[in-house]
Amino acid sequence: MLKVTIDGIETQVEPGTTILQAARKIATEQPEHSHLVPPAMCYYSPLEGSGGKCRTCIVKVTQGSERDPRPMPKPVASCQTQVMDGMVVENTTNPDLLAARKGVVELLLINHPLDCPVCDQAGECHLQDLAFAHGASETRYEEERRTFERIDIGPYIQLHMTRCILCYRCVYTANQFTDERVHGVLFRGDRAEIGTYIEKAIKNDFSGNVIDVCPVGALTDKTFRFRSRVWFTRPFDAHRKCDKCCGKTVLWMAGDDVLRVTARKDVFDEVEEFICNECRFDHKVKEDWTIEGPRSIHRHSVISANKYKAKAKTVV
Amino acid sequence: MSRKILLEHAHVAGIQGYEIYRKMGGYRSVEKALKSLTPEEVVDEVKRSGLRGRGGAGFPTGMKWSFLAKPEGVPRYLLCNADESEPGTFKDRYLMEKIPHLLVEGMITSSYALGVQTAYIYIRGEYKWIVKILEKAIAEAYLHGWLGRKILGTDFSLDLYVAPGGGAYICGEETALIESLEGKRGNPRIKPPFPAVKGLWQSPTVVNNVETLAAVPVIVNEGGDAYAAVGVGRSTGTKLISACGNLNKPGVYEIEMGLPVEEFIFSDEYCGGIPGGKRFKACVPGGSSVPILPADLMLKNAKGEDRVMTYESLSDGGFLTGTMLGSGGFIVFDEDQCIVRNTYTYARFYHHESCGQCSPCREGTGWMEKVLHRIEHGHGHDHDLDLLVDISKKIEGNTICPLGDAAAWPVAAAIRHFREEFEWHVRHPQEAQARNYGLGRLEIYYGAVGV
Amino acid sequence: MEIMAYNPPRFSEERLAQVRKIVGQFPEGRQKSALIRVLHMAQEDFGGHLTAEVMDYVADLLAISPIEVYEVATFYTMFNLKPVGKYMLEVCHTGPCMLRGADKTIAYLQQKLGIKVNETTEDGFFTLKSAECLGACGYAPMMQCGEHYYENLTEEKIDALVDAWQKQPVPPKAWEKID
Ligand SMILES: Cc1cc2nc3c(=O)[nH]c(=O)nc-3n(C[C@H](O)[C@H](O)[C@H](O)COP(=O)(O)O)c2cc1C
Ligand code: SF4
Ligand code: FES
Ligand code: FES
């Protein structure tokens, strides 16, 4: 086992563990220290090869290891950097690091439409949270923002590319969990976009999972579009017998209506088990499901955490 | 008269073809290596030669070779990086056009040293005619038994192919090159694992620049020590410099490491000075990504010593007052050039070439381009300059591959050394549209040295 | 009578042999490595740009999925996704070329051809584009057209080149009617 200290909290991890995973381990074992987990916009543990792109998970390594205590000269992506024995990491305790992360968030937002009021993801959007926790309240960006047309990829999924942060999660999902990938990353640089190139429907049985893995409102559930704000719906754990997937889902209900079905996600908002499109889109009646009980959502969301109030206080 | 090592025979008529190349001593290094040296001994010679990567980073080649993993039963690959797309750099092209067999020979000898049986030359797609030149040279080498099965009757076999790219600067970054060679988008990989462990098709791979590989034959023929005797200190051997911009004689020159910068720019043996008797304003000596320096700092370092063409001398003073040798793309600016416009074209270049994977580079390069475009067109603000420096800091060191740094450095350096000129652009937008800023504070420098 | 709307793209036998040879340069199962080169060939053979249909054909040839081809074709700048003129003139305008007057070269070509950058002349002869560094910085100003670099350009040189190209007959090709 290797010893690692993050923001002064020590833990032991297996060789090969990344700093991010070590931080998550601390948060799982000692929830009072959850705040020291770096935000991860592109890394997604069920998806092989994900991470390293968004750079929001950066941390400062002030001691490389017991054997070689030199600090690492630049911030490193915690989702990609493996723990060494005796490593010392600073995240929330390092003001320079927080400033650097603020810089990343600023860059992620310069081309974002900031259309939360009309976005279905609002309330469970990681970019919204990130902007709240680490963003500046004003923008220094006075140039024109990049925009794309909104497109439907098939009957169930809508792609709102303007909101995309190019985390590549949906591409990895299609690669690793569906038979044939028909969407991908087209063009390059800041003209890069997720798309199918020619109009094509994503028809695969497991394609709906791209909605769950999307950290922002770029891929949304068309069957849920504008039906309700997420915070007005109530989540219930439910299951049904399904021959394609585990059949274990969360139903998002308003009264007796099932407005939306998603996979179950853990405290770090990662899908526990991927579900099939039939469960997700075709069983929007309560009777089709065995309801297990209310699901407690570990809402990271700015709205459920009452953070807006806190912010208002500091502003006034 | 400085010594030519790579281009010694480049001007011999017919050297492009096998017969003449062979007659001039070509392929001797393959004979010598295969018949009288073990692969380890070849690696040793390269180590002793002090040869450093000519692609830009200057990493010691022998050391890089010794990192190559050698698991049993797994093929290894040697890739020649002929993507050459860094603005200011056109030396590899020159070498491949003039003396293609030198690269082929270098790759055979290097492959022997590395235990490689399949090697590729990844060349930028725009160099279509060079693909043909190289394929012809390779065919000739096959024909004469330098490639293929059991070369020279030994157990060493090698296949060599040319693979053109599709137009992307980023494919010069070695892991992007590997991705591209696998038929994918040129997205750099996250390291580790490094190519020496997991490269092409997850096998151990060495990537070297054209010029690096072309230096291997002479090192094997004459010995590493003889090569190391040329040059100064840790900058051994010769370097191809592609000189461009405002020069009387732009072109590719082979120089001995240690040549004074002033001599290179002004002497008739090399670039022959600046056209029209104009004064020297600034220089970017190692390809567009290295910091620009004003004339005074380019000719002498901050301590007042002459700058010479070595890795060490050019980087003397760090980024505050120094720059880098980089890829040897030597860009010279005369007194009439506008640093703002130049910086804008660099920013546009890196924005155009960013692969778009990581957010700081993808978003930051576009932002810098737009701000510089505004300034250049007379719509800048005073705070834009600090903004640019700030954006560059947010990109630098916070990306998957060094393209982010390459985009950040030129902007930061231009503002560091030519801030007044930027400010003048911002404050006098109309005048800036009508005339150039000129030499600025360098007028005083030239007054003092009496030019 | 059989009605054929159009001929789907197909390489000639000679071309197919070349494709097989290129695929043979890579280990078994790594045929995707041939993609960029085959796309170059397809662009040459099927009208100077890549339609979705052509890309699907290439995907089929190399036994990969179409999206893998779209991803690659859209990444690299040498692949045209829209029709271009018979002569596509790409003038480099990056720093080193700019220092030696590339902007004037572009202006001159715009005026001479009566089009702006990224436009094609009405007769379909010329497309004008600006390009980023093509590796000819010391021989600036320069442009690329097809396989060739034209370097140290002057107005006279441009006149001679463009006038000669203009005199070439445009062979009518089937692909020019599609799109
Ligand atoms: C964005 C980027 C572009 C590069 N372009 C080239 C190039 O065109 N040619 C080259 O030889 N090296 C290039 N390099 C450097 C290579 O990554 C690599 O260091 C080099 O090929 C190693 O060969 P060497 O050790 O022989 O120099 C580039 C690096 C980066 C980050
Ligand atoms: S630094 Fe730029 S070019 Fe390099 S991987 Fe990141 S986005 Fe791509
Ligand atoms: S989560 Fe680590 S870089 Fe995106
Ligand atoms: S800058 Fe134009 S060819 Fe290099």
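A polar contact is a pair of N or O atoms within 3.5 Å; within protein, one atom must be able to donate a hydrogen and the other to accept it, and residues adjacent in sequence count only if both atoms are side-chain atoms. By that rule, four residue pairs (both at pLDDT 80 or more) are in polar contact across the interface of chain A and chain C. The model is a predicted one, so to speak of local features takes pLDDT of at least 70 and side-chain atom pairs count only at pLDDT 80 or more, while totals for chains, interfaces and linings use all residues. Residues are numbered from 1 along each chain as its sequence is written, chains are lettered from A and ligands numbered from 1 in the order in which they are written, and side-chain values use heavy atoms, with hydrogens and water left out.

Back to the interface. Chain A and chain C put 14 residues each into the contact (heavy atoms within 4.5 Å). Between them they bury about 1100 Å², 60% of it on carbon and sulfur atoms; buried area is the accessible area (1.4 Å probe) that two parts lose on being put together, summed over both. There is also one salt bridge between these chains, meaning a side-chain nitrogen of Lys or Arg within 4 Å of a carboxyl oxygen of Asp or Glu. It joins C:Glu71 to A:Arg181, with the closest N and O atoms 2.8 Å apart.

A:Asp237 lies in strand β11 and A:Arg295 in the loop between β14 and α7 of chain A, so the pair ties together parts that are 58 residues apart in sequence; strands (E, at least two residues) and helices (H or I, at least four) are DSSP runs, numbered from the N terminus. A:Asp237 is buried at 14% relative accessible area, and A:Arg295 is buried at 16%. Here buried means under 20%, exposed over 50%, and partly exposed in between (1.4 Å probe, protein chains only). A:Arg295 also bridges to A:Glu272, with 3.6 Å between the closest N and O atoms, and A:Glu272 is partly exposed at 48%. A salt-bridge network links A:Asp237, A:Arg264, A:Glu272, A:Glu292 and A:Arg295.

Rings come next. Ring pairs link B:Tyr77, B:Tyr120, B:Tyr161, B:Trp201 and C:Phe26 into a cluster; rings of Phe, Tyr and Trp (its six-membered ring) pair if their centres lie within 6.5 Å, with planes under 30 degrees apart counted as stacked, over 60 as edge-to-face and the rest as tilted.
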